[in-house]
Amino acid sequence: MAVLKIENLIKDYGALRAVNKVSFEVHSGEVFGLLGPNGAGKTSIISTITTLEKPTEGTITINNLDVTRHERATKAVTGVVPQELVTHGYFNVEEILTFQSGYYGLRKNKEKIHSLMQQLELWSHRHKKIRHLSGGMKRRLMIAKALMHSPQLLLLDEPTAGVDVELRYSIWEQVRDLKKAGVAILFTTHYLEEAEKLCDRVAIIHEGKIQKQGETKELVRKLTSRHLTITLKNKVEYSHPALINQQDNTLEFRVPYSTKIGQFLSELNFRNDNILDMKIREGTLEEAFKYVLNRGEM
Amino acid sequence: MTDKSIKTQELIWTPFLMLLSREVRRFIKVLAQTIFIPAINSFIYLLIFGVSIGKNIKVLEGISYLEFLIPGLVMMGCMNNSFQNSSSSLLGMKFGREIIDIKAAPLTVQQIIWAMSLGGLFRGLVVGTVVFLSGEFFYYFHENAWLVPVYPFYFLLFCIIGGLAFTKLGIIVAFLAKTFDHVSAIGGFIILPLIYLGGVFFSLENLSPFWVKFSHVNPLLYFINGVRYGVLGVSDVPVNVALWVSLLGLLVFHLLAVWALKKGSYQPW
Ligand SMILES: Nc1ncnc2c1ncn2[C@@H]1O[C@H](COP(=O)(O)OP(=O)(O)OP(=O)(O)O)[C@@H](O)[C@H]1O
Ligand SMILES: [Mg+2]
């Protein structure tokens with residue numbers, strides 16, 4: 001079921017078209033990755049979903065309700081972790097979470113507040129003012145705020161930027177748990193390995209336009225190749241259209257996903273007793289990403 | 001949580017009360033500095049104008065200058081602090097990006113405005129009370145009696161209307177301002193002169209006809225005279241006129257605040 005549906009979204013800032021006819025859906029129980037270089041328009045898309053910015057054209061619906069016309073109903077089911085760190089001058093962690101809970105209509109929510117503080121390891125900092133927290137702690141707090149009302153749709157704008165390894169793993173863990181619980185998750189990141197691990201589907205966006213979107217595995221298969229590295233006992237002079245690198249006895253081939261490895265090997269026609277070692281490396285999302293941005297050689 | 005399980009009822013009062021409580025708590029955290037400065041200010045005004053120079057100033061028939069001054073100062077403190085509270089709170093939220101929490105939450109424009117307004121009004125009324133008490137102190141010292149408001153209801157009513165109007169003005173300014181300097185500039189160059197010209201320190205009777213005309217288009221004249229009527233039972237403008245103009249002013253400021261929230265920027269620049 002599509003929780004978030006974006007159709008032909010355009011966002012202009014003056015003369016600059018930051019988002020250009022973007023359409024995608026995020027389904028319940030799915031992690032959708034929005035990938036793109038700096039300035040691609042990811043945050044602008046998220047800002048229009050949360051109504052921080054008004055769309056220039058196009059429609060955004062959450063549970064089939066237009067976000068600009070049904071603000072209360074759509075916001076009540078949405079949680080957001082903004083890209084930029086949020087600070088609060090006067091209040092401590094527990095107070096901020098109490099306010100957040102109240103903004104979503106939840107009174108007497110101490111249990112949830114306490115459990116989130118424990119889950120995100122904010123417990124020992126609960127009486128600290130926000131401006132005395134480190135960057136990573138602030139990020140934890142922002143995540144706790146976004147989860148306070150158990151949203152159906154979670155917008156995570158670079159939640160893992162500038163956090164330590166431990167928190168990164170714990171964010172991944174949380175995202176997987178939320179996904180299992182049926183939450184629809186929109187995730188942006190510059191770490192493509194992370195996106196590959198986490199996202200069921202991705203859209204690669206560049207200069208405001210979606211260049212490619214689809215299932216992560218599918219995209220990698222379509223846009224990249226496997227790399228087959230063979231080390232031979234005896235050096236041979238060899239030429240083959242798929243050969244991309246040769247160093248002494250080691251040959252590296254690019255094998256499209258459409259070709260079976262076995263068939264490829266038999267085409268190469270090496271003597272079995274001449275093969276010392278053989279490795280296959282799968283294509284990566286990073287390669288697919290680079291390919292889309294550069295339309296370059298793989 | 002499905003769409004239908006969200007009880008709209010809970011989204012009306014709880015978010016509003018929570019934002020209001022945030023505003024009040026913020027004020028309480030800075031209580032000392034916000035009360036101390038206006039208290040000292042009004043003390044100085046009362047000392048210089050009310051007691052020293054005031055002996056020679058004639059205002060309304062049968063009213064001493066000290067009596068005349070006290071309600072004006074109360075209103076000035078109330079309006080100024082109402083304005084300060086909503087504008088600085090919102091601006092702080094903007095620069096800390098906390099405003100994003102408010103915008104992303106299921107709070108409506110009306111809920112935000114009323115929570116910010118009532119929070120600001122609370123501060124305005126607390127400061128107004130402090131100013132009134134220091135006025136009482138001077139009055140007792142001078143006249144050996146307490147200054148008892150003639151129409152306490154009007155006194156409070158006009159304080160509330162004036163304070164609320166100024167919280168809305170604070171909201172408008174915070175949304176349109178690009179820096180903290182803008183806010184203090186608007187405070188210093190527009191609001192303070194309007195307050196002074198609104199008759200805190202003088203009666204229209206003291207003015208030349210040109211300035212009387214000018215004063216009549218200053219909405220603050222009506223707020224201040226309304227309060228004066230509540231305390232002294234007399235004022236420069238009839239209380240009915242003061243009431244209607246003040247309510248109209250409040251409505252205009254409210255609508256402008258709605259407009260500012262809908263059209264204004266939530267970005268910290
Ligand atoms: N409030 C704004 N006013 C004017 N231009 C803006 C505004 N916000 C973003 N832009 C511009 O819109 C474009 C897209 O910005 P956006 O923040 O959406 O990119 P992004 O994909 O999130 O980048 P990053 O990876 O750096 O976060 C950029 O060219 C940016 O300069
Ligand atoms: Mg961004």
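**A walk from ligand 1 into chain B**

A polar side-chain atom of E158(A) sits 3.4 Å from an oxygen atom of ligand 1, a polar contact being a pair of N or O atoms within 3.5 Å. This is a predicted model, where local features need pLDDT of at least 70, side-chain atom pairs count only at pLDDT 80 or more, and totals for chains, interfaces and linings use all residues. Residues are numbered from 1 along each chain as its sequence is written, chains are lettered from A and ligands numbered from 1 in the order in which they are written, and side-chain values use heavy atoms, with hydrogens and water left out.

Back to the ligand. S44(A) has a side-chain N or O atom 2.6 Å from a ligand 1 oxygen, and a backbone N or O atom of A40(A) lies 3.2 Å from one. On its own, ligand 1 has 640 Å² of accessible area, and the protein covers 69% of that (Shrake-Rupley method, 1.4 Å probe). Ligand 1 lies between chains A and B.

Now hop over to N218(B), in the loop between α8 (209-216) and α9 (219-232) of chain B; helices here are DSSP runs (H or I, at least four residues), numbered from the N terminus. N218(B) counts as buried because its relative accessibility is 2%, where buried means under 20% relative accessible area, exposed over 50% and partly exposed in between (1.4 Å probe, protein chains only). A polar atom of its side chain lies 2.9 Å from the backbone oxygen of L194(B).

Contrast I48(B), in helix α2 (residues 31-52) of chain B: at 37% relative accessibility, I48(B) is partly exposed.

Notes. Helices (H or I, at least four residues) and strands (E, at least two) are DSSP runs, numbered from the N terminus. A polar contact is a pair of N or O atoms within 3.5 Å; within protein, one must be able to donate a hydrogen and the other to accept it, and residues adjacent in sequence count only if both atoms are side-chain atoms. A residue is near a molecule or strand if one of its heavy atoms lies within 4 Å of it.
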